[in-house]
Amino acid sequence: MSNLQASDRRVLSLAFNQDNSCLAIGTQDGFKIFNCDTCQCCYKRSEGAINVVEMLFSTSLVAVVGAGEQPALSPRRLSVFNTITDVLSAELNFVSSILCVRMNRKRLVVVLERKTYIHDLGQLTILHTIDTVSNSRALCALSPNHENCYLALPASTSNGTVLVFDALDLHAVCQIQAHRSPLAAMSFSSDGLLLATASDQGTVIRVHSIPQASKVHTFRRGSYPVTIYSLSFGPPSQVPQLLAASCASGTIHVFKLGSYSKPRTEDPLGNVGQTSHCAIAAHVEDSSEDGDEAPTSTSSSNRARIFVVTTGGFFHEWSITVGQGKESSCTLQREVAILSSSLSDEISAHFV
């Protein structure tokens, strides 16, 4: 976020929770949690600059790391809050700055520049320590599924090799030679069986099956280099399953995964939208109404929603109708300014 305009520097972190039902934003004044369906603020804490906010699905557990602007908010201290009681539940201190935090229902992972700590979520005790290559980009992906509890970390600073680690049974699973250039983004599918990766060139996105470590999809985003900020899978139950990628051009690309029969290259459905700032996170979600039949591989079309949040504090919801082949369309459903200049709770929304 070093390229943010001066007016937007108050936004320090942006992250969806594991099922993409909520959005957490860290700012110079604290952090806020928003419900993605209503865009209403459901929790806020104002006590100083926050660099990292990590939710545990839609539970009351939130892990927070300060930016170091106040003594109580050291970047080396992880604070765990209960948002229902508004009480600090625990604090964990580390020898250097915490760059990233990930959680699922069994594990809490804390990433430093050269070490990654795996904790038992219930007791917050350290179970294992992984010595890593320099990871100043804070690259880390943890499967939301605690049964397929895989952790992905960069294994090289000169190329895009990924270490996949079993965070439940605490052993290395495999190394994947994902890209020739260093990694820029990684993300697991919700069932933990697919891992998407992008390098710092940003021209190619690959999808690997886990734990087999085989390449099942190769998507070409474009021919010119660009920074990929985030990758997000749609639910496995969606047919076809989708993968969204946000990049520094301010564009979201959406890909159809199709079958896993052989490595292949597919074209994106299209540019979902341009934003005034680069999109940080994208979310693909099945939007079929209760009682509707589940989509099948023979369906002529399938609907999905994509949530996009910008560093300027704007929330976008796009609707995509996925047809056969390249017969797809997208429509902007709403644009919401979830952060006003005064960081108040006022919400302005435009529906189209």
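## A tour of the predicted model

Colour the chain by confidence to begin: this is a predicted model, in which the pLDDT averages 83 over the protein and 80% of the residues score at least 70. Select residues 260-283, where the pLDDT is below 50 although the stretch has 100 contacts in the model beyond near neighbours in sequence. Residues 341-352 are also below 50, and there the corresponding number of contacts is 28.

Turn next to the largest nonpolar core, which has 18 residues, and show the side chains with the most contacts inside it, namely Leu-78, Phe-94, Ile-98, Val-101, Leu-108 and Val-110. The elements that each supply two or more residues to this core are strands S6 (61-66), S7 (77-82), S9 (100-103) and S10 (107-111). Apart from this core lies another, of 17 residues, and Ala-185, Ala-198, Leu-231 and Phe-255 are among its members.

Go back to Leu-108 and display its surroundings: leaving aside residues up to four places away in sequence, Leu-108 touches several residues, including Leu-78, Val-101, Met-103, Tyr-117, Ile-118, Leu-121 and Leu-124.

Now switch to a cartoon view and select the open sheet of four strands, whose order is S9-S10-S11-S12 with antiparallel pairing. At its edges stand S9 and S12 (126-131), each with a single partner strand, so that one side of each has no neighbour in the sheet. From one strand to the next, the twist averages 15°.

Notes:
Residues numbered from 1 in each chain as written. Heavy atoms only, no water. Core = buried A, V, L, I, M, F, W, Y, C linked by side-chain atoms within 4.5 Å. Buried < 20%, exposed > 50% of the residue type's maximum accessible area, 1.4 Å probe, protein only. Contact = heavy atoms within 4.5 Å. Pairing = 2+ DSSP bridges. Axes fitted to C-alpha atoms, helices over the stretch in contact; angles between N-to-C directions. pLDDT = per-residue confidence, 0-100.
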